[in-house]
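Please examine the structure shown here before reading the briefing that accompanies it.

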Amino acid sequence: MEPIKRRRAEKDLDDKVAEALRERARSRQRTFRSVNSITMRLPRFKDGLRDIKDVFDQYDEDSDGTIDNEELRRCLGKLEVQMSDREADDVHRYCDVDSRNGIQFQEFVVLLCLMYLLFGPDVTRRVSEFESAKLNYVFDELIDAFLFFDKDGDGKMKRRDVTQRMNEASHQERTPSHITAQLFKEMDINRNGKVNLKEFLYSIIRWAGHETEDDASNEGSP
């Protein structure tokens, strides 16, 4: 029964994120109109990630490079996110994208961005009063980049979405199919043929150039 409960909890979180994305798409104008406009923002994403790394180090209390369950619960408490222990455990598993039994830095960015999407800007204010505006900007841009590719607006990016978006600019040559296929494969971490927000965030953080030592040996760039 445990795997069934975990899959149900993951689906519930996926549904909540998808609904928050739909609401955001209805209430905001589009930020990005081309893939190039997203690529040009990667250096700014990287700058914002440096600030989040300082926050990660604060919550990684034993400095082992991983936020465990107990550290995550204390983190969510400081962010004043109201969750039961079970819900916190579900979030921990959900954001453990690489299944390495803990939240590493890239996954911590995913966690904060999802909390920002679901609970609003008070989350970033509680992370850092002085850096909240910068964090809001980074998270807004990352979420809007996902919405640019999620053409159906269902919270799941498909390979055809990536292909169409990569080839929309009429003045550019078509991107070779093997390039778009490779990009999608890198993002589709669980290999189910769809990319949700957490997988997209995890990938774009890597592409922005902020990697852990373990990740630096892996290939992959847009």
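Predicted model: local features only at pLDDT ≥ 70, side-chain atom pairs only at ≥ 80, totals over all residues.

Residues are numbered from 1 along each chain as its sequence is written, and side-chain values use heavy atoms, with hydrogens and water left out. The protein chain has 12 helices and 0 strands, where helices (H or I, at least four residues) and strands (E, at least two) are DSSP runs numbered from the N terminus.

**Overall fold**

- Along the sequence, the pattern of the protein chain reads α-α-α-α-α-α-α-α-α-α-α-α.
- The radius of gyration of the protein chain is 17 Å, which agrees with the value near 17 Å for a compact globule of 222 residues; this quantity is taken over C-alpha atoms, and the globule rule is 2.2 Å times the number of residues to the power 0.38.
- Taken along the principal axes, the box filled by the C-alpha atoms of the protein chain is roughly 50 × 45 × 40 Å.
- Of the 222 residues in the protein chain, 48% are buried; buried means under 20% relative accessible area, exposed over 50%, and partly exposed in between (1.4 Å probe, protein chains only).
- Counting contacts (heavy atoms within 4.5 Å) in the protein chain between residues at least 6 apart in sequence, 62% join residues at least 24 apart.

**Helix pairings around helix 6**

- Helix 3 (residues 42-59) and helix 6 (residues 105-119) have axes that come within 10 Å and cross at roughly 100°; axes are lines fitted to C-alpha atoms, for helices over the stretch in contact, and angles run from 0 to 180 degrees between N-to-C directions.
- Helix 3 is therefore roughly perpendicular to helix 6, given that angles under 35 degrees count as roughly parallel, over 145 as roughly antiparallel, 65 to 115 as roughly perpendicular and the rest as oblique.
- On the helix 3 side, Leu 49, Ile 52, Lys 53, Val 55, Phe 56 and Tyr 59 meet Phe 105, Phe 108, Val 109 and Leu 112 of helix 6.
- By class, this contact of helix 3 with helix 6 comprises 9 nonpolar, no polar and 1 charged residues; Ala, Val, Leu, Ile, Met, Phe, Trp, Tyr, Cys and Pro count as nonpolar, Asp, Glu, Lys and Arg as charged, and the others, Gly among them, as polar.
- The axes of helix 6 and helix 8 (residues 132-149) also come within 10 Å, crossing at roughly 90°, which makes helix 6 roughly perpendicular to helix 8.
- Helix 6 contributes Val 109, Leu 112, Cys 113, Tyr 116 and Leu 117 to this contact, and helix 8 contributes Asn 136, Phe 139, Asp 140 and Ile 143.
- The contact of helix 6 with helix 8 has 7 nonpolar, 1 polar and 1 charged residues.

**Helix 9 and helix 10**

- The axes of helix 9 (residues 159-166) and helix 10 (residues 177-187) come within 10 Å and cross at roughly 135°, so the two helices are oblique to each other.
- Arg 159, Val 162, Thr 163 and Met 166 of helix 9 are in contact with a set from helix 10 that includes Leu 183, Phe 184 and Met 187.

**Two serine residues**

- Ser 203 is located in helix 11 (residues 197-207) and is buried, with a relative accessible area of 0%.
- Apart from neighbours within four places in sequence, Ser 203 is in contact with Glu 186 and Met 187.
- Ser 99 is in the loop between helix 5 (85-95) and helix 6, and counts as exposed at 58% relative accessibility.
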